[in-house]
Amino acid sequence: MKKYFFALILCFQISFSQNTDHLNTVLKQLKIKKSDIHEKLFTQKILPYDKSKNVLVIPKYDINEQDNEGHDYFVLDAYIVVIDNATGKIICKFIEPNAWTSDALMLTGISIDTGLYHLNSTTRAFGVRVDYTGSSRPNPFSETHLSLYVADKNSLKQVLKNYSISRSGGEWDTNCAGEFEDRNSTFDIANVQTNHYNNIIVRSTIVKSVSTPTNDDCVSKETTKKTTSKLIFNGKEYK
């Protein structure tokens, strides 16, 4: 049991070391100092459909300061990088200056989405989700943006930019009375193609709620609506 436990710890340490080495190796190739990135928002993920490749999302500070009230304000350049998982060598990358801003609407998380985004028989995209949260209690708000990327030989292309995949907001008196709306969307890949890429069917569920104070109680009424829309590839990106 002790030998197994020691081997498990050693395996974890080696894995952690490799992940750290990958970041350092990639930053060196990009000529970026580690102090210039937002490490808490950095994320990486091995592609489940090609485990020889690793995706890194590196948020690099363009602006990093505080406002007069001491709130963090920053603007980030996005470095989306696909690397050889064994060597850490960059295979392809996508760089977008001033991609993400965190101010009153705070950027709270970045994650890599490896869903079944089969755009045609030979092309599978991966996604990057970016989460935002508002700081107002009377006007709560949160939103998640989804962007899709396709590796094409030695280049990485963004084929969907900042699509609002979920959104929640409303206004209330911080006690009971108020109105809220939540919208969550999922993607289905259609069989029909436009410009060699499958159309994307967007299925959204919208829940609206109204809360009203009544006789020392708070009564909430909800209505649910489902909608369907379509994203079509115009030869450059989905719209």
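With a relative accessibility of 44%, K208 counts as partly exposed (buried means under 20% relative accessible area, exposed means over 50%, and partly exposed lies in between, using a 1.4 Å probe and protein chains only). The areas behind such percentages come from the Shrake-Rupley method with a 1.4 Å probe, and for residues only the protein chains shown count as cover. The structure is a predicted model, in which local features need pLDDT of at least 70 and side-chain atom pairs count only at pLDDT 80 or more, while totals for chains, interfaces and linings use all residues. Residues are numbered from 1 along each chain as its sequence is written, and side-chain values use heavy atoms, with hydrogens and water left out.

**Overall build**

The protein has 239 residues, and 38% of them count as buried. Its C-alpha trace spans about 65 × 50 × 50 Å along the principal axes. There are 1 helix and 11 strands (DSSP runs numbered from the N terminus: H or I for helices, with at least four residues, and E for strands, with at least two). Read along the sequence, the pattern is α-β-β-β-β-β-β-β-β-β-β-β.

**Salt bridges**

The whole structure contains 8 salt bridges (a side-chain nitrogen of Lys or Arg within 4 Å of a carboxyl oxygen of Asp or Glu). The table gives some of them.

| Salt bridge | Distance between closest N and O atoms |
|---|---|
| E181 with K208 | 3.7 Å |
| D188 with R203 | 2.5 Å |
| K53 with D50 | 2.7 Å |

K208 forms its salt bridge with E181. This pair links distant parts of the chain, with E181 in strand β9 and K208 in strand β10 (residues 197-214), 27 residues apart. E181 is partly exposed, at 35% relative accessible area.

D188 forms a salt bridge with R203. Here too the pair links distant parts of the chain: D188 is in strand β9, R203 is in strand β10, and 15 residues separate them. D188 is partly exposed at 31%, and R203 counts as partly exposed at 41%.

In the K53 and D50 pair, K53 is partly exposed with a relative accessible area of 25%, and D50 is partly exposed with 24%.

**The disulfide**

A disulfide is a covalent bond between the sulfur atoms of two cysteines. In the model it is assigned to a pair of cysteine sulfur atoms within 2.5 Å, and the structure holds 1. The bond joins C176 to C218, with an S to S distance of 2.0 Å. C176 lies in the loop between β8 (155-172) and β9 (178-194), and C218 lies in strand β11 (residues 217-231), so the pair ties together parts that are 42 residues apart in sequence. The torsion about the S-S bond is about 90°, so the disulfide is right-handed. C176 is buried, at 6% relative accessible area, whereas C218 is partly exposed, at 38%. C92 is buried, with a relative accessible area of 3%.

**A negative patch**

E65, D67, E69 and D72 form a negative surface patch. Patch residues have over 30% relative accessible area and no salt bridge; like charges are joined within 9 Å, and nonpolar side chains (Val, Leu, Ile, Met, Phe, Trp, Tyr) within 5 Å. Asp and Glu count as negative and Lys and Arg as positive, while His and the chain ends are not counted. The place of a charge is taken as CG of Asp, CD of Glu, NZ of Lys or CZ of Arg. D67 is partly exposed, with a relative accessible area of 36%.
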